[in-house]
Amino acid sequence: MSLPSWCPKYDNRKYDSKTGEEVYCICKKPDSGELMVGCDGCDDWFHFSCLKIPEKYRDLVFSFYCPYCAAGITGPALTNGGKLPKTVWKRKCRLPDCYRECDSTTKSKYCSREHGLQYMREAADKLYLPGLNKIGLLRQLLRETKSLEEFKSMGRGRLPEVNLPLSKEKYDRIVQEDQHLQQLIDERDQLISQKFPKLNDEEIQVNTYIEWVNEINERLSPQSSNQATSNRKKSKASTKVTICGYHDEYSIPCTANEFTDRIIELRKAENTDVTSIDGVCLKTKCGKHQDWILLKQDELSQQKNSLENIKRRLQLLINIRTNQLGILFFENQNRALANSGQDTIANQNPPDVLSNQPDGVKS
């Protein structure tokens, strides 16, 4: 991924060469009190204005990655196999002029109950159809639903299973034939069915291999057999001479007992030229693979967090697209009613909305 056209090339300066002040952002200027956001990848701070992000989005940042981390120049892409991170935003309140986060405790589409009521009032005011009794329509919807909770859930996802004078078959066909929505669903399903299991299998393999290395090092550690020896002798006897144990594929060649015997035979033969057996590093002080266990475990943890973020983002996009298709369906229903001049929606033959889909929808 390349940098945006407005973003300058990466500059690793942390201090101004003339004043000695700390500098930040893509502009490499000191902190002047202007609104900034911290990057979760490189830990640098960036001005909203420099990133061309409106300040009204300040409360909607979930996880932010600067242009350099998003392009793989800095940040986690350098250590996690080149996988580029993406900025994730919180769900915005559905009211157009509100830029607060949706109430996650109630899984609402609004930041508060007041804004939910305001949105519905404004939506009702926009609904103008000759001869349509809005109160009568609401009463009909209430009669057709079994409970208040079912009525409140209408509009989320697909049409509810109630006997409404609407064409559920038409709506289902729009959803199923929308290529953009199906692509998002396929990506989410592939993530769940393939990428998550693959990462879990890798984690199990790595943890099993680490346990194998730890068992070998325990076997290689001399134990004092005489419980009555002095503290000095105990300390000397308990000194561990361990191996690095790194293997680039985390593959176990044999049992820990067999591998330990092979190492002991090498040490008895004083064969210092052999630094590995079957790809397993035998060095006692290895600078090349230092802390490889902690680094690998941290890498797996970051990959899991990244997949979880991608999954949440895909589900959010699926919900948004589904809502768009639902709005499109009802708008075409209402438009057909207005054109026909009917006073009610009873016995309405729903229009074929597939010929009038929003941008990005392909049949």
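Welcome! What you have above is a predicted model, in which local features need pLDDT of at least 70, side-chain atom pairs count only at pLDDT 80 or more, and totals for chains, interfaces and linings use all residues. Residues are numbered from 1 along each chain as its sequence is written, and side-chain values use heavy atoms, with hydrogens and water left out.

**Aromatic pairs**

- A pair of aromatic rings is described by the distance of the centres and the angle of the planes.
- Rings of Phe, Tyr and Trp (its six-membered ring) pair if their centres lie within 6.5 Å; planes under 30 degrees apart count as stacked, over 60 as edge-to-face and the rest as tilted.
- Tyr10 and Tyr68 are edge-to-face, because their ring centres are 5.2 Å apart and their planes stand at 65 degrees.
- Tyr10 belongs to the segment before β1 (36-38) and Tyr68 to helix α1 (residues 67-70), so this pair ties together parts that are 58 residues apart in sequence.
- Helices (H or I, at least four residues) and strands (E, at least two) are DSSP runs, numbered from the N terminus.
- Tyr10 is partly exposed at 38% relative accessibility, whereas Tyr68 is buried at 4%.
- For these words, buried means under 20% relative accessible area, exposed over 50%, and partly exposed in between (1.4 Å probe, protein chains only).
- Tyr57 and Tyr99 also form an edge-to-face pair, with 5.2 Å from centre to centre and 75 degrees between the planes.
- Tyr57 sits in the loop between β2 (45-47) and β3 (61-63), and Tyr99 in the loop between β4 (88-89) and α2 (113-126), which puts the partners 42 residues apart.
- Tyr57 is partly exposed, at 27% relative accessibility.
- Elsewhere, Tyr209, Trp212, Tyr246, Tyr250, Phe259 and Trp292 are joined by ring pairs into a cluster.

**Charges over rings**

- A charge sits over a ring if NZ of Lys or CZ of Arg is within 6 Å of the ring centre and within 35 degrees of the ring normal.
- Tyr99 has the charged end of Lys92 over its ring, 4.9 Å from the centre.

- Contact here means heavy atoms within 4.5 Å, and the contacts below do not count residues up to four places away in sequence.
- Cys254 lies in the loop between α7 (231-237) and α8 (256-268) and is buried, at 16% relative accessible area.
- Cys254 touches Trp212, Phe259 and Arg262.
- Cys254 and Asp278 are 24 residues apart in sequence, with their C-alpha atoms 9.7 Å apart in space.
- Cys244 is found in the loop between α7 and α8 and is buried, at 13%.
- The contacts of Cys244 include Val213, Cys281, Cys286, His289 and Trp292.
- Cys244 and Ser276 are 32 residues apart in sequence and 9.7 Å apart from C-alpha to C-alpha.
- His47 is part of strand β2 and is buried, at 3% relative accessibility.
- His47 touches Cys25, Cys27, Glu34, Leu35 and Met36.

**An annotated span**

- An unreviewed UniProt entry places a "coiled-coil region" at residues 293-320.
- UniProt positions are given in the numbering used here, feature names are shortened, and annotations may be inferred rather than shown by experiment.
- In the model, residues 293-320 are 100% helix and 0% strand, and the end C-alpha atoms of the span lie 41 Å apart.
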